[in-house]
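I opened this entry to keep track of what I looked up in the model. My notes follow in the order I made them.

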Amino acid sequence: MQMMNKALFLLSLLCASTLVIAQENDSISLPDTNLEPPDLTVNETAFKKDTTKTFKRVKLDGIAAVIGDYVILDSDIDKTLIDLRSQGASTEDVTRCGLLGKLMEDRLYAHQAVQDSILVSDDEVNLTGERQIQSLVQQIGDMKKVLSYYKKESEADFKAELYKINKLRMLSEKMQQSIVSEIEITPEEVRQFFNKIPEEERPRIGAEMEISQIVKEPKPSKAEIQKVIDKLNAIKADVEDNDASFNVKAILYSQGPSKSTGGALGSITKESGFVSEFKDMAFSTPEGKISEPFETQFGWHILLVEKIRGQERDVRHILLQPEITQSTLDELKVELDSIRQNIIDGKYTFAEAALNFSDEKETKNDGGKLRNPQDFGPRFELTKMDPTLYNQVRNLKDDEISHPILEQDPRGGGPKYKIMQVTNRYDEHVADFAQDYIKIQQLAKTEKQYKAIKKWMNEHIQDTYITVNESNRDCDFANNWVKE
């Protein structure tokens, strides 16, 4: 089913590269040690600006294609193939023509982003490079080994190379976001999309389940809270009075996931996905200043506003969590055991107990029902579930309630106890419009996004200076790069 395949392919591309840039997207995977290490040679030569250098590069690598001001070298295709293998992707069906087409798409997005004044700040690009370097140092051992592995003479050369690569990637991502960001889908469009799919070609939906939970989060004592506040104030004073490094303090003491990056969170806006208390403090602290200690659901923080650029703030923070005693955790376990037994005895339903007793704001008002982060629906497909979540519920029978489960909050909020229940199960089945509306809606929206991108691509290929090397003109490109 060509329409569905295109939609699914686009969805995979969008999920991989066009969503809001998260820290994990900045990481670099090491290539397989049996492969030739990439040398990260500069890929984007300004073709029109220095023809002498361009012709010298032709002799070394050969130009595969030119998109606007971007040059794609033959070696770029080789390095892309190495990158795919290093990430564990199967390259059996990958062709040089296919890789070249994808590289040309990326350059066209980046080229048009510049034309449309879609900006990526230098600070944002540099911070991404710093994260990547720190990740590599952790994997390989030290900076000298990293430079040796990537055949770079100095850290400055390596950073310059990463800057060029990341700038192009981030421009491309922002351009793609701008194309699809305002696309919505109506219920009637979803119905028409579904009805166009022949019955024999409708996708099969794997076995799914709906899950609810009741969470109890321990509350630290006033004495433990004061210890944390005093420690944060001491760190703040040492930085302000003794010129100590905030970055180093974060690496040494912070308990948040940004610890390894010196507390760096990059550029944030009032629309960024941080809790309101954090954003309020970030936007009320002057540039170059450190905030007073403040509390969020994750613990206690101080933050440093490194730079203010209009409605953006470059922020570092240090997170400390008050110690939770074992006796406090034991009390929560006893409380949840009591709640569980009362549900079993029929004193109240699981949903009523979630509303009245759960500490998890996101689920308590919805009967404790968990939402799938992929589509925000209530169902979890068994083969695609987070392994930790799957292991917590895989042995539960219908309507059975688990015994209390101790879990470390993956968001950095400390330990918590919870009880869980599988509220509905769905066997593997052919997609049904009513039963699987959310999934069908996402596929319909994805197809609409695909058409918008295809239309955008066709229009801008015609308006952009593009040339493809003679040896690549016989490629069966998905787009009309040779403008036939």
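I began with an open sheet of three strands, ordered 2-1-13 and paired antiparallel. This is a predicted model, and I read everything below as such. I looked up the edges next: they are strand 2 (70-73) and strand 13 (466-468), each pairing on one side only. Neighbouring strands here are turned by 15 degrees against each other on average, direction ignored.

I then checked how strand 1 (residues 63-67) is joined to strand 13. I found three bridges, with the two strands running antiparallel. I picked out V66 and noted its bridge partner in strand 13, T467.

Which helix lies across this sheet's strands? I found helix 4 (residues 96-115) lying across strand 1, strand 2 and strand 13. Helix 4 runs at about 165 degrees to strand 2.

**Whole chain.** I took the totals here. I noted 16 helices and 13 strands in the chain. Of its 484 residues, 44% count as buried. I also looked at contacts between residues at least 6 apart in sequence: 67% of them join residues at least 24 apart.

**Positive phi.** I looked up two non-glycine residues. S117 has a positive phi near 60 degrees and is not a glycine. I placed S117 in the loop between helix 4 and helix 5 (122-140). S117 is exposed because its relative accessible area is 55%, and the cut-off for exposed is over 50%.

D399 also is not a glycine, and its phi is positive at about 65 degrees. I found D399 in the loop between helix 15 (387-393) and strand 10 (405-408). Its relative accessibility is 54%, so D399 counts as exposed.

**R340.** I placed R340 in helix 12 (residues 326-344). I listed the contacts of R340, leaving out residues up to four places away in sequence: I401, S402, H403 and I419.

**Helix 13.** I went through helix 13 (residues 350-357) and noted F350, A353 and A354 as buried. Why do they sit on the same side of helix 13? They cover an arc of only 100 degrees around the axis, which puts them there. The general rule for an α-helix is 3.6 residues a turn, so residues three or four places apart point the same way. I then looked up what the buried residues of helix 13 pack against: strand 4 (208-216), helix 12, helix 14 (361-364) and strand 11 (415-426).

**P415.** I found P415 in strand 11. P415 counts as partly exposed because its relative accessibility is 24%. I checked P415 against K216, which is 199 residues away along the chain: their C-alpha atoms are separated by 9.5 Å. Not counting residues up to four places away in sequence, P415 touches P218, L329, L406, E407 and Q408.

**N166.** How does N166 count, buried or exposed? N166 counts as buried because its relative accessibility is 2%, and buried means under 20%. Leaving aside neighbours within four places in sequence, I listed its contacts as V125, T128, G129 and Q132.

Terms used:
Residues numbered from 1 in each chain as written. Predicted model: local features only at pLDDT ≥ 70, side-chain atom pairs only at ≥ 80, totals over all residues. Heavy atoms only, no water. Helix = DSSP H or I, 4+ residues; strand = E, 2+ residues; numbered from the N terminus. Contact = heavy atoms within 4.5 Å. Buried < 20%, exposed > 50% of the residue type's maximum accessible area, 1.4 Å probe, protein only. Arc of directions from axis to C-beta. Pairing = 2+ DSSP bridges. Axes fitted to C-alpha atoms, helices over the stretch in contact; angles between N-to-C directions.
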